[in-house]
Amino acid sequence: MEQNQVSLKKEVLAGITSFFTIAYIIVVNPLILADAGMPYEGVVLATILTSVVGCLIMGLYANAPIILTPGMGVNAFFTYTIVQGMNLSWQEALAAVVMSGIFFLIAASTPLKDILSKSIPQSLKHSITVGIGLFLTFIGLQKGGIIEASSATFVKLGHLDHPDAILTVVGLAVTLALFLKNVKGSFLIGIALTTLIGFFMGHTQEVKGMSDGFSFKPFGELLFAFDFSGITELSFWIATFSLTMIITFENMGLLYGLLPDQKKFPKAFQANAASSIVSGLFGTSPTISTVESASGIQEGGRTGITSITVAVLFIGSIFAAPFIAYIPDGAIAPILIIIGGLMVQQIQHIPFADFTEMFPSFLIIALIPLTYSIVDGLAFGFIAYPLVKWMSGQKKQVTAPMYVIAFLFFMNFILHTIV
């Protein structure tokens, strides 16, 4: 504890903040996986238990303040691409999750992880942080009703007279005031005060899919339900390859962007991989190092105590899930917006004077939020980097592994066009 220059109180507070920032996953992940034909209440428990195990592995093994839960984006890929698009059953899709997790663990437990880490240029690492920051801000603005979808321009200003938007603006003002005055626990206090303000405004969060009496029985339908009967089919291996690419490089990018101490990267990366396998065993889409981890890190989380605290709170959420779901998006959105702004400050470390370093970084920064996918944003930047260097006669500056990574991302795009 002393060597990390943190206190138990600060770590626990960071964990509480992270938990309430990510708690929406308890409701949202099951809603998405239910579209794959999976039992909603079973996925609620699978989501909680997978998050508990993932956070414990991250905290006890890697001693890092990173929160692991089933990832947004990859859960949609699981449901709408693998199950509905490629016609795998959800049981076969879970088998692909297990297999991709094993491949991920092999990569994370061998010298391959060091090769990957050392081959990625610093400019791209900084751009990942900036891109994730913009992504967080975009999610926050969307959650808070400040922006909304548009058929004409894809995105537009939301209705600022809507209760969601009003609560977000009020919550942003309250949380900013606390943050700028360096109030300890400003984010957690901001969530609590904004939720209270929302209550007095008559703002209520609609909770779908949860029955009055919570049952453990549906979870039994998911536990170890993976099915490898389709292992000889091409669609199974395309799904496995795509999942492996997503969870490997999305987690790598997130750890580069979030970890306060990059020396913890190897073990944190391995914790990610182990947790991904647990996801398939427990019956949910793969876990990801969540961008919401940034809220706890900003509150001072530096060690695994932060993640362990989140694990404990997830255990308590088994029976409190319907109540946690009532925390309005307007209370979470201000935290994501502020943290996004803090992360964007890393843009100053990108060498903009060198176009061959700037342009691939620019693609990552722009396309992470615009594709609503961290891994797709990385793909464009990682493919562009060797191309730009080669075109400018600087191909010797590109490592051999970087060419391989670019090729794998390119192949992943090709496979997506096939399916």
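The legends below describe close-up views of a predicted model.

Local features are given where pLDDT is at least 70 and side-chain atom pairs where it is 80 or more, while totals for chains, interfaces and linings use all residues. Residues are numbered from 1 along each chain as its sequence is written, and side-chain values use heavy atoms, with hydrogens and water left out.

**View 1. Helix α2 (residues 25–34) is largely enclosed by the rest of the structure, because seven of its ten residues are buried.** Buried means under 20% relative accessible area, exposed over 50% and partly exposed in between, with a 1.4 Å probe and protein chains only. The buried residues of α2 are Ile-25, Ile-26, Val-27, Asn-29, Pro-30, Ile-32 and Leu-33. Helices (H or I, at least four residues) and strands (E, at least two) are DSSP runs, numbered from the N terminus.

**View 2. The largest nonpolar core has 105 residues.** Such a core is a set of buried Ala, Val, Leu, Ile, Met, Phe, Trp, Tyr and Cys residues joined through side-chain atoms within 4.5 Å. Met-38, Ile-66, Phe-78, Phe-249, Phe-314, Phe-382 and Phe-409 have the most contacts inside this core. Helix α11 (residues 234–258) gives the most to this core, with 13 residues. Contact means heavy atoms within 4.5 Å. Met-38 is in contact with Leu-33, Val-43, Phe-78, Trp-90, Leu-94, Leu-222 and Gly-283, leaving aside its neighbours within four places in sequence.

**View 3. Thr-17 in helix α1 (residues 8–22) and Ser-186 in helix α9 (residues 186–200).** Thr-17 counts as buried because its relative accessibility is 0%. Not counting residues up to four places away in sequence, Thr-17 touches Phe-187, Leu-188, Ile-191, Ser-295 and Glu-299. Ser-186 counts as buried at 2% relative accessibility. With the sequence neighbours up to four places away not counted, Ser-186 touches Thr-175, Leu-178, Phe-179 and Glu-299.

**View 4. Strands β2 (residues 147–150) and β3 (residues 154–157) pair in the antiparallel sense over four bridges.** Two strands pair if DSSP finds at least two bridges between them. Ser-150 has Phe-154 in β3 as its bridge partner.

**View 5. Helices α4 (residues 74–83) and α5 (residues 90–108) cross at roughly 120°, with axes that come within 10 Å.** Axes are lines fitted to C-alpha atoms, for helices over the stretch in contact, and angles run from 0 to 180 degrees between N-to-C directions. The two helices, α4 and α5, are therefore oblique to each other. Angles under 35 degrees count as roughly parallel, over 145 as roughly antiparallel, 65 to 115 as roughly perpendicular and the rest as oblique. From α4, Phe-78, Ile-82 and Val-83 meet Trp-90, Ala-93, Leu-94 and Val-97 of α5.

**View 6. Helices α3 (residues 40–62) and α12 cross at roughly 155°, with axes that come within 9 Å.** The pair α3 and α12 is therefore roughly antiparallel. Residues of α3 at this contact include Ala-46, Leu-49 and Val-53, and those of α12 include Lys-267, Ala-271 and Phe-282.

**View 7. Ala-273 lies in helix α12 (residues 265–282).** Ala-273 counts as buried at 0% relative accessibility. Apart from residues up to four places away in sequence, Ala-273 touches Gly-101, Phe-104, Leu-105 and Ala-108. Ala-273 and Ile-297 are 24 residues apart in sequence and 21 Å apart in space, C-alpha to C-alpha.
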